[in-house]
Amino acid sequence: MVIDSLPYLFRGTLVTIELTVLGLAVGLIVAVPVSFSQIYGNRAARLLSSFYEKILRSIPLLVLLMLIFYGLPEIGIRLDPFLACVLGLGLRSSAYQSQIFRGAILSVGKGQTLAAMSIGMTKIQIFRYIVFPQALRFSIAPWTNELTIVLKDSSMAYALGVVELLRQGSYIISTTYEPMVIFITCAVIYLIMTLLANRVMMFLEKKLQVPGFEIKEVSR
């Protein structure tokens, strides 16, 4: 019976992956300017970006999804459940990603920034050509953790009726009456996706590591 259900679980898995990728992409797009403002912005920009980051990190994801899906129509903005989930996952992830990039940006040596300023580069040019490329590499390890969190949090889309892996499993349970088997199968699928994602990010981290910052074993 479980074997017959695998194609449906596979469809749900694809939706879960899509939610994760799009949510992370939205988070990345928002997080970069937020982290930039926290470090290079004026007082007002720093306060605004810090307020945004603290608010989004304080609201539970499920509450945020409900606010977006049921609250935005009050001001004339209607989103279908899938887009509402992508936006909710992305906004919440952006708050955490902004801190990841903030730490990564601060990891870049100040000497490089001073050298760039001495030749007349602006803050935006320094960030774009010197700081950001290195910060992206430094952020891979903590960003891997955020990827895993968003992947698992995508199951919250169940609450808005998005047919991702968990909801697809619930539909199957309603016809097979085998909840334990189906939920264990879903858990295994999440485990496989998490392990694969971590493997890929570990490969990228090694491939893109900044020369001179490698962690090497000390021979005895």
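## A first look at the chain

Buried residues account for 38% of the 220 residues in the protein chain; buried means under 20% relative accessible area, exposed means over 50%, and partly exposed lies in between, using a 1.4 Å probe and protein chains only. This is a predicted model, in which local features need pLDDT of at least 70 and side-chain atom pairs count only at pLDDT 80 or more, while totals for chains, interfaces and linings use all residues. Residues are numbered from 1 along each chain as its sequence is written, and side-chain values use heavy atoms, with hydrogens and water left out.

The protein chain has nine helices and zero strands, where helices (H or I, at least four residues) and strands (E, at least two) are DSSP runs numbered from the N terminus. The C-alpha trace spans about 70 × 60 × 25 Å along its principal axes.

The protein chain carries 19 positive and 12 negative charges, and their mean positions are 14 Å apart. Here Lys and Arg count as positive and Asp and Glu as negative, while His and the chain ends are not counted. The place of each charge is NZ of Lys, CZ of Arg, CG of Asp or CD of Glu.

## Salt bridges

A search of the whole structure finds three salt bridges, each being a side-chain nitrogen of Lys or Arg within 4 Å of a carboxyl oxygen of Asp or Glu.

| Residue | Partner | Closest N and O atoms |
|---|---|---|
| Lysine 54 | Glutamate 53 | 3.9 Å |
| Glutamate 53 | Arginine 57 | 2.7 Å |
| Aspartate 153 | Arginine 92 | 3.1 Å |

Let us take the last row to begin with. Aspartate 153 lies in helix 7 (residues 140-153) and arginine 92 in helix 4 (residues 81-107), so this pair ties together parts that are 61 residues apart in sequence. Both aspartate 153 and arginine 92 are buried. Elsewhere, salt bridges that share partners join Glu53, Lys54 and Arg57 into one network.

Now for that network. Glutamate 53 lies in helix 2 (residues 43-58), and arginine 57 lies in helix 2 as well, four residues apart from glutamate 53, or about one turn of the helix. Is glutamate 53 buried or exposed? Glutamate 53 is buried, because its relative accessible area is 5%, whereas arginine 57 is partly exposed at 37%. The side chains of glutamate 53 and arginine 57 are also joined by a polar contact of 2.7 Å. A polar contact is a pair of N or O atoms within 3.5 Å; within protein, one must be able to donate a hydrogen and the other to accept it, and residues adjacent in sequence count only if both atoms are side-chain atoms. Apart from neighbours within four places in sequence, glutamate 53 is in contact with Gln38, Ala95, Ser98 and Gln99.

Glutamine 97 sits in helix 4 and is buried, with a relative accessible area of 0%. Setting aside neighbours within four places in sequence, its contacts are Leu24, Gly27, Leu28, Ala31, Trp143 and Glu146.

Isoleucine 182 belongs to helix 9 (residues 179-207) and counts as buried because its relative accessibility is 1%. Not counting residues up to four places away in sequence, isoleucine 182 touches Gly169, Ile172, Ile173 and Thr176. Between isoleucine 182 and serine 170 the C-alpha to C-alpha distance is 8.1 Å, with the two residues 12 apart in sequence.

Where does tyrosine 177 lie? You will find tyrosine 177 in the loop between helix 8 (165-176) and helix 9. Tyrosine 177 is exposed, with a relative accessible area of 67%. Most residues other than glycine have a negative phi. In tyrosine 177, however, phi is positive, near 60°.

Methods:
Contact means heavy atoms within 4.5 Å.
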